[in-house]
Amino acid sequence: MSALCIQAAIEQAGQYYLMPLSQVGDMAKQLAVWVKEGLAKQEMLHTVVICDEEGTHQIARGYEVERTCTDGKQSWQERVLVVQSFAFANKQCKSLDERHETSRTALTPPIGRGKRQITQQTDLVSRAEAILKKYSVKGLLCYTYERECEQEEKLVGRGRNGPNREREVRERVRYQITGVVRVRQTITEQKAMAGWRAYATNAPRKRLSLEQGVLQLSQRVPGRTGFWTLQS
C-alpha cells in the first residue's frame with residue numbers, strides 16, 4: 001500500500017495518508033540510517049505517552065524526517081515518522097534471546113548412543129552455518145570446534161596373534177563444537193535497532209503531529225489494509 005502511485009493518487013485527490021514504509025531493500029538500509037541518527041541525537045526524540053485507568057505509560061519515541069516525493073507528474077512534501085514502539089522492541093529482543101538459546105542447544109547436542117558423529121570438518125561447518133541461518137543469528141554467535149582422533153590397532157587377516165603377525169592402525173576421527181559465545185557488541189547494536197519502523201504521511205504537522213500519528217497507528221485493527229486516509 002506504500003506504492004508511490006497510491007500516495008500520488010491520494011495527494012492529487014487532496015487527501016492525507018499515513019502508512020508504514022517497507023522494511024526491505026533500500027528502505028531497510030535507509031531506516032537503519034534514520035535510527036542511528038536519532039540515537040546519536042537523543043534530543044531529537046520525542047516520547048509518546050498515554051494515560052489510562054492504570055496511570056501514565058510511555059509507549060513509543062521518535063522523530064520526523066521531511067523529504068520530497070515525485071511520481072513524474074507532481075511533487076509533494078512528505079513527512080517520515082521514525083518511531084520505536086517500546087512493546088515491539090521488547091518483543092523483538094525477547095525473540096532474539098530465545099533464538100540465541102535455541103541455536104546454542106542445536107549447535108552443541110549431547111553425545112549419546114545412536115548419535116551420528118561428524119567425521120569431516122566441512123560437514124561440521126556446513127551444519128553449524130545452517131543452524132545460524134535458520135535462527136537468524138549469523139554474526140551474533142561464534143562457535144569453536146575441535147578434532148578428536150582415536151587410534152586402534154587391528155590384526156590383518158585371520159589367524160592367531162603373534163609377534164610376527166601383521167597389524168594395522170585405524171583412526172577414528174570426530175569433529176565436535178566445544179563452545180558457543182555471543183558477539184556482544186553486534187547483539188547490542190541489533191537490540192538498539194529493535195522496535196523501529198518508518199511511517200509516511202503527507203499531512204501537515206498541524207493536522208497530524210507525531211504523537212497523534214503514533215496513537216493512530218497503535219489503534220490499528222488487525223486485518224485491515226495497513227494504511228489510513230485522513231479527511232482534509
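Arg174 is part of strand S6, which covers residues 167-182. Strands here are DSSP runs of E with at least two residues, helices are runs of H or I with at least four residues, and both are numbered from the N terminus. Welcome to this predicted model, where local features need pLDDT of at least 70, side-chain atom pairs count only at pLDDT 80 or more, and totals for chains, interfaces and linings use all residues. Residues are numbered from 1 along each chain as its sequence is written, and side-chain values use heavy atoms, with hydrogens and water left out.

Arg174 counts as buried because its relative accessible area is 16%. Buried means under 20% relative accessible area, exposed means over 50%, and partly exposed is in between (1.4 Å probe, protein chains only). Glu78, in strand S4 (residues 75-85), is also buried, at 1% relative accessibility.

Both residues make side-chain polar contacts, listed below. A polar contact is a pair of N or O atoms within 3.5 Å; within protein, one must be able to donate a hydrogen and the other to accept it, and residues adjacent in sequence count only if both atoms are side-chain atoms.

| Side chain | Partner side chain | Polar contact |
|---|---|---|
| Arg174 | Glu148 | 2.6 Å |
| Arg174 | Gln176 | 3.1 Å |
| Glu78 | Tyr17 | 2.5 Å |

Leaving aside residues up to four places away in sequence, Glu78 touches Gln7, Tyr17, Val65, Glu66, Arg67, Cys69, Ala200 and Thr201. Contact here means heavy atoms within 4.5 Å.

**A pair of helices**

Two packed helices are described by the angle between their axes and the distance between the axes. For helix H3 (residues 86-107) and H4, the angle is about 165 degrees and the axes are 10 Å apart. Axes are lines fitted to C-alpha atoms, for helices over the stretch in contact, and angles run from 0 to 180 degrees between N-to-C directions. H3 is therefore roughly antiparallel to H4, a term for angles over 145 degrees.

On the H3 side, Ser103, Ala106 and Leu107 make the contact, and they meet Ala128, Ile131 and Leu132 of H4.

Most residues other than glycine have a negative phi. Ser136 is not a glycine, yet its phi is positive, at about 55 degrees. Ser136 is partly exposed, because its relative accessible area is 48%.

Key. Parallel < 35°, antiparallel > 145°, perpendicular 65-115°, else oblique.
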